[in-house]
Amino acid sequence: MKALINLRDISSTELARMFPATHTYMLPVANKALLEYYVEFCANCKATDILVLDADYDADIADWLGNGSRWSLNLSYQGARPSTDIKQIQLHYKSFFADADDDLLWLNGLGFCHCDYNTLSFEALLDNAESVELTREMPDRFYILQAGKCLVPRLDITYLHTVAEYFQCNCRILCDEQNFYDLPGYRIENGVHTGMNVVIPPSCRIEAPVIIGDNVSLGDRTAIEDGVIIGNDIIIDRGTSIRNTVILDHSYIGRDLELFGKIIDRDRIIDPIANDEITLTDNMLLTDVRSYEPSKLWYRLLDAVGAVLLIVWLTPGFLLFWLFGKRATRRENYLSLKHRNRSYPVYASIGWKWRDVYFLKLSLDKYPLLFQVLTGDLALVGDSLRSSQAPPDRQPMPGAFSYSESRSNQDDALQRDWDNRYFRHNRTLGLGLNCIVKTMFRRIFWL
């Protein structure tokens, strides 16, 4: 059996307008892309060949889907003109529809099918289907084309044209249908799914149902209850209470906040019922923060002691690589803690030369920065220097090491900004040491 997934042009819908930076069919539903549910629906119906037509072709989606091997089927993803005329589609893609006798499962438009994927079968769909007339403009539904007839299975479908429908779909899966689908992560108890690299302190209170993604850090005394979906790469600061909320990837939530019935998308709070949004500034997002004063003798002394110890540790290796000809490729500027223009050397890895690779693995590129820590131009652990062109108010604490380096997805600029904000306002000796150790170990095993 073959399957056609027709990703219609839905740019005019409220949902697409609310999330312009994300391909609508890739929006996460219970932490999994909507398109992935479509492919799994077809796979569970025993489809062997799938054609995905996208009116808004995206090369990243093409790479993500691949050839369908991870679902044990053949998959082709192609750009197409917006159309629901199945006869025109069959004519244009003759090679895929060459065998006219094959049954065709047709997923048309933007909708989520609520059914138990564990018991889903094509035969069950046929047994519970009704015949409809095939026209040039077919509405968003799931269809079966069989022996010249067009059948519509009686399915419970949520159409995702509005933010409210999207939010309600997430809540329904979270509260009633977690067992229906193969959700990311693993179940630690009934109603609680969690991903990898999740930090949950003992003082944190979590009540089912909840879904937690990968690389999530919950602060002390946080409360997660009444149905919460937490995406990937999330930091929730201490004392925050979250109820009946969906948090999308790469979001930071400040301390002592209360959120109920909202969608959090990075620096936006979206009310799905009122269809309103608020874009938060730094001061609003990080309420009641403690500002860092780099002139304090205590911080300066700790940074200097740590820099001296690291200089002693790294000097032999740096000199050895210097003798083998390792040199900086360029210099970049940054605004120092003393609000002066300074520069630092950048050591790029050219190809896979052992000298370049192991120089970075051993964190020897940090060696020159440590001397700038001693002069007071850098903190030992602070903001990522890769954002050094930012205005002064967004770069208040440049450091030789950064909190974002110790975490995954450090190539995402906005995620680095959230990580830097978190460390800046929660800086402790223990957290700083943890950043240095984790960064050096990550470089050894992952670079």
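Q: At what angle do the axes of helix α8 and helix α10 cross in this predicted model?
A: Helices here are DSSP runs (H or I, at least four residues), numbered from the N terminus. Axes are lines fitted to C-alpha atoms over the stretch in contact, and angles run from 0 to 180 degrees between N-to-C directions. The axes of α8 (residues 297-323) and α10 (residues 367-374) come within 9 Å, and they cross at roughly 155°.

Q: How do the residues of the contact of α8 with α10 divide into nonpolar, polar and charged?
A: Contact means heavy atoms within 4.5 Å. Residues of α8 including D303, L310 and F318 meet residues of α10, among them Y367, F371 and L374. With Asp, Glu, Lys and Arg as charged, Ala, Val, Leu, Ile, Met, Phe, Trp, Tyr, Cys and Pro as nonpolar, and the others, Gly among them, as polar, the residues divide into 13 nonpolar, one polar and one charged.

Q: Is Q178 buried or exposed?
A: Q178 lies in the loop between α6 (163-176) and β12 (186-189). Its relative accessible area is 7%, and the cut-offs are under 20% for buried, over 50% for exposed and partly exposed in between (1.4 Å probe, protein chains only). So Q178 is buried.

A note on the model: residues are numbered from 1 along each chain as its sequence is written. It is predicted, local features need pLDDT of at least 70, side-chain atom pairs count only at pLDDT 80 or more, totals for chains, interfaces and linings use all residues, and side-chain values use heavy atoms, with hydrogens and water left out.

Conventions: Helix = DSSP H or I, 4+ residues; strand = E, 2+ residues; numbered from the N terminus.
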